[in-house]
Amino acid sequence: MSNEENSKEMSNETFWKNLVIQYWYFVVIFGLIVIAAIIGFILILDWYINTNPIGGQGTWTFDQFSMGTVIELVIFLILWELVIVGLPTFIIGGIIVAIIWYGIFAPDLKEEIKLRVKKEEEYKKKYGRKSEGSGLFGFLMFIGVCIYIFLDGNWATEFGNLSFGYFVDAWITVFIWVLIIFGIPAVVIGTIWFIKKYGNLD
């Protein structure tokens, strides 16, 4: 029984591998869209914090906030991110997916994809899914911000003497450095590994 499952898993892996290799240029396009979305998210966050009257354009300290101003700040930040970054990203991505699905993929290929996606969803429902990546990334960001504040000489500075804009700038700086230090090497190493392992299509 386990041999049959392993065989199915291998055939499933081969299918997606071949699909990615055959349409690699769409993978690159989606990668660029993700990168653009990340850059847009950072730019909108920085612009919003430094121009918003709520928070004094990033100059307020934490003791100057109320529950109402915090909620209002967060809600409008989410709305701006959705309108300027989220919606265009989903629209562009949706258009590309529609072009691929309706204009490029053959009917038999689409049926095969539907079947395999359905099986994967059933497998996830049966055995559950693990999502430890977001928690690990959040912890990594927290450690990075702590290191940034320490190196910046504000480790013993009281929160009331630091603006919340300072912490946002610290988070953005650490986020960018995490992407540079871990993201770029991961993409390069992953690309080299993929080419070496799946470079030949049989």
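1. The lining of the second largest pocket holds 16 nonpolar, three polar and no charged residues, where Ala, Val, Leu, Ile, Met, Phe, Trp, Tyr, Cys and Pro count as nonpolar, Asp, Glu, Lys and Arg as charged, and the others, Gly among them, as polar. Helix 6 contributes the most to this lining, with nine residues; helices are DSSP runs of H or I, at least four residues long, numbered from the N terminus.

2. This is a predicted model, in which local features need pLDDT of at least 70 and side-chain atom pairs count only at pLDDT 80 or more, while totals for chains, interfaces and linings use all residues. Residues are numbered from 1 along each chain as its sequence is written, and side-chain values use heavy atoms, with hydrogens and water left out.

3. The chain averages a pLDDT of 84, and 88% of the residues score at least 70, pLDDT being the predictor's confidence in each residue, from 0 to 100. Among the elements of the chain, the mean is lowest in helix 1 (residues 2–22), at 64, and highest in helix 3 (residues 67–104), at 94.

4. Two salt bridges are counted, each defined as a side-chain nitrogen of Lys or Arg within 4 Å of a carboxyl oxygen of Asp or Glu. Glu111 pairs with Lys114 at 3.9 Å, N to O, both lying in helix 4 (residues 107–127), three residues apart. In the other, the closest N and O atoms of Glu112 and Arg116 are 2.7 Å apart.

5. Arg116 is buried, at 16% relative accessible area, whereas Glu112 is partly exposed, at 27% (buried means under 20%, exposed over 50%, partly exposed in between, with a 1.4 Å probe and protein chains only).

Methods:
Helices (H or I, at least four residues) and strands (E, at least two) are DSSP runs, numbered from the N terminus.
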